[in-house]
Each structure stands twice: as C-alpha cells, then as structure tokens.
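The following explanation leads the reader through one protein chain, from its overall arrangement to a single residue. Please keep the sequence and the structure in view while reading.

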Amino acid sequence: MTMTLRPGVVTADTEYGMALLDQNSGEYFTLNPTAALIVRTLLDGTSRQQAVTALTDRYDVPAEQVEEDITRILEELRAARLLAA
C-alpha cells in the first residue's frame, strides 16, 4: 500500500515530529514522533508490513500494537481528508 497525501497537503519535520499543512483550508495537524515515523515510512512507498517492521525494530512494542497504531493514524488522516483517494 502506497500512501499519498492529497494535493495541497505538505509536510514539515519539526522538533516534535511532523506537521501536515492543508494549504487549501489553512489547517495544520501535528504528529508525534511515532506517528511521524509511520507517515514518513508509508509516504516513502514502503508496504504496511515494512512499516510495522521499521517500528518494531526501533521501539520495543509488539507488532500487533504497531498494526493498531497504523490503522488508527490512517483513519485519522482519512477523516481529516489529508490522503489522496
């Protein structure tokens, strides 16, 4: 699964993770470092499973927890209409 942001949505790395700016609405969203890593990994074109592996390699968390986190973050990004269809 390749994740793509909707046109007009830009990212910026921050000291605390990542910010997403919807240039059309002027709204911005902040992501903590873990969510930012998930988004960066998926935006780079890696698969969901590769994202799970990247996070479990970096953090001492079970793969099931990472799967739930990825699902939740993707749901929130969709709800905020930040992802391309």
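The paragraphs below take up the fold, the dimensions, the surface and one residue in turn.

The structure shown is a predicted model. Its chain contains three helices and three strands.

The overall dimensions come next. For 85 residues, a compact globule would have a radius of gyration near 12 Å, and the chain agrees with this because its own value is 12 Å. The C-alpha trace spans about 35 × 30 × 20 Å along the principal axes of the chain. Among contacts between residues at least 6 apart in sequence, 37% join residues at least 24 apart.

The surface and the interior can be considered together. Of the 85 residues, 32% count as buried. The chain exposes about 5,300 Å², and carbon and sulfur atoms supply 49% of that area. As for charge, there are 7 positive and 13 negative side chains in the chain; the centres of these two sets lie 6 Å apart.

Asp69 is part of helix 3, which covers residues 63-79. Is Asp69 buried or exposed? Asp69 counts as buried because its relative accessible area is 15%, and buried means under 20%. The side chain of Asp69 also makes a polar contact of 3.1 Å with the side chain of Arg72.

Key:
Residues numbered from 1 in each chain as written. Predicted model: local features only at pLDDT ≥ 70, side-chain atom pairs only at ≥ 80, totals over all residues. Heavy atoms only, no water. Helix = DSSP H or I, 4+ residues; strand = E, 2+ residues; numbered from the N terminus. Rg over C-alpha atoms; globule rule 2.2 N^0.38 Å. Buried < 20%, exposed > 50% of the residue type's maximum accessible area, 1.4 Å probe, protein only. Contact = heavy atoms within 4.5 Å. Areas by Shrake-Rupley, 256 points an atom, 1.4 Å probe, with all protein chains shown as cover. Lys, Arg positive; Asp, Glu negative; His and termini not counted. Charge placed at Lys NZ, Arg CZ, Asp CG, Glu CD. Polar contact = N/O pair within 3.5 Å; in protein donor to acceptor, adjacent residues only side chain to side chain.
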